[in-house]
Amino acid sequence: MRIDLHAHSTASDGTLTPAELVVAAAEAELDVLAITDHDTTAGWLPAERARPAGLTLIRGAELSCRWYGQTPPIPLHLLAYLFDPTYPALVAELARVRRAREERGQRIVERLRSDGVDVTWDEVRGYANGGTVGRPHVALALMRAGLVGSTQEAFEARWLGERYRLPKEDTDVFTALRLVLEAGGVPVFAHPRATKRGAVVPDSLIVELAAAGLVGLEADHEAHAPEERAHVRALAGELGLVVTGSSDFHGTHKPVRLGAFTTAIEAYTQILNSAHGVPALL
Ligand code: AMP
Ligand code: FE
Ligand code: FE
Ligand code: ZN
């Protein structure tokens, strides 16, 4: 079984439509794919409709969270699988975060413009095409303006990595965890040691999250060096958490391919057994 539990579509900052994503997953010889767009479930229905026979679809999302226990607060991503997409408190919070992303996107554009960079909010929003707006869409505008040659370059410190990395009003991580659990979903901490993206949370927070109902940790991820993968695996072992591995596929926004990292069947089964929001689509 080849199981990839983290992938993005045009519903957020991926470059394949949800329909193209499920077809690409089957072509990559995956047996299971989770669609996990940032702060939205908008890709679920088109992915369901296009799902090739033989591919199991796990409906999920990646929630933009922040741990406010330290100053400045540390951003982190919580994967949520198989939750009820109609649970009102979660629906409202996802909508609030998407609005916060738009407001932050506008502030990034304003700062770029005040530095003399010729990009507009309409252009950036256009690249998102109705999906969740993120920095990769700003990266496209920087590429179009001829200022960077790739998304990777756009995330260097002089651009979106630091100078134009403005904070957004993310969900408190404990609130997000509670909402996912209330909606019958399964929370897994995405790339908890992705140090290249900025500060990461201390293990003591992961201990607290585990006590609050966190189910798993994503260990095998391209943003983790081998020693970071080993560290996450050991921590999961100590806390009795499930370990996952996934590509975090974003289409052409990132070089990683579907199925580049995968999750073991035992971990996948534990995730299925913990879920009671919506079923896996077999
Ligand atoms: P945002 O969600 O708007 O804060 O933007 C973060 C998104 O940018 C992540 O989900 C990735 O898709 C992408 N990203 C972050 N760091 C990099 C990087 N170094 N290179 C390419 N894409 C990145
Ligand atoms: Fe992303
Ligand atoms: Fe992420
Ligand atoms: Zn992701």
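These are my notebook entries on a predicted model of one protein chain.

**Ground rules**

I number residues from 1 along each chain as its sequence is written, and chains are lettered from A and ligands numbered from 1 in the order in which they are written. Since I am working with a predicted model, local features need pLDDT of at least 70 and side-chain atom pairs count only at pLDDT 80 or more, while totals for chains, interfaces and linings use all residues; side-chain values use heavy atoms, with hydrogens and water left out.

**Entry 1: the whole chain**

I looked up the secondary structure and got eleven helices and eight strands. These are DSSP runs numbered from the N terminus, helices being H or I with at least four residues and strands E with at least two. I then checked the radius of gyration: 18 Å, close to the 19 Å from the globule rule for 282 residues, so the chain is as compact as a globular protein of that length. (The radius is taken over C-alpha atoms, and the rule is 2.2 Å times the number of residues to the power 0.38.) Along the principal axes, the C-alpha atoms fill a box of roughly 55 × 45 × 40 Å.

Burial next: 53% of the 282 residues are buried. My cut-offs are under 20% relative accessible area for buried, over 50% for exposed and partly exposed in between, with a 1.4 Å probe and protein chains only.

**Entry 2: two domains**

I see the chain divided into domain 1 (3-95 + 168-274) and domain 2 (105-161); the bounds come from an automatic or database domain assignment. Their centres, over C-alpha atoms, are separated by 25 Å. At the contact between them I have eleven residues of domain 1 and nine of domain 2.

**Entry 3: the largest pocket**

How much space lies in the largest pocket? I read off about 1,300 Å³. The search runs on a 1 Å grid over the protein atoms alone: a pocket is an open set of points with protein on both sides within 12 Å along at least five of seven lines, a cavity is a set where a 1.4 Å probe fits but cannot get out, and lining residues have an atom within 4 Å of a point. Points are joined across faces, edges and corners, and a volume is the space filled by probe spheres set on them.

The pocket has 44 lining residues, with H77, R135, F155, R197 and G198 nearest its centre. Two or more residues each come from β3 (56-67), β4 (74-81), α3 (88-114), α5 (135-144) and α6 (151-154). β4 gives the largest share, four residues. Domain 1 and domain 2 each supply at least three residues to this lining. By class I noted 19 nonpolar, eleven polar and 14 charged. In this scheme Ala, Val, Leu, Ile, Met, Phe, Trp, Tyr, Cys and Pro are nonpolar, Asp, Glu, Lys and Arg are charged, and the others, Gly among them, are polar.

**Entry 4: one cavity**

P192, R193, V201, D203, I206, L217, H231, V232 and L235 line the cavity. Helices α9 (203-211) and α10 (226-239) each give two or more of these residues, and α10 has the largest share with three. The lining is six nonpolar, one polar and two charged.

The T71 to P72 peptide bond is cis, omega near -5 degrees. P72 sits in the loop between β3 and β4.

L82 has phi of about 55 degrees, in the loop between β4 and α3, and is buried at 2% relative accessible area. N129 has phi of about 50 degrees, in the loop between α4 (121-128) and α5, and counts as exposed at 70%.

**Entry 5: around β8**

Is T244 buried or exposed? I have T244 as buried, at 1% relative accessibility, in strand β8. Beyond its neighbours within four places in sequence, T244 touches L5, V188, L217, E218, A219, D220, T263 and I271. L217 also turned up in the cavity lining.

Last, A264, in the loop between β8 (242-245) and α11 (265-274), is partly exposed at 41%. A264 and V243 are 21 residues apart in sequence and 8.2 Å apart in space, C-alpha to C-alpha.

Conventions. Contact = heavy atoms within 4.5 Å.
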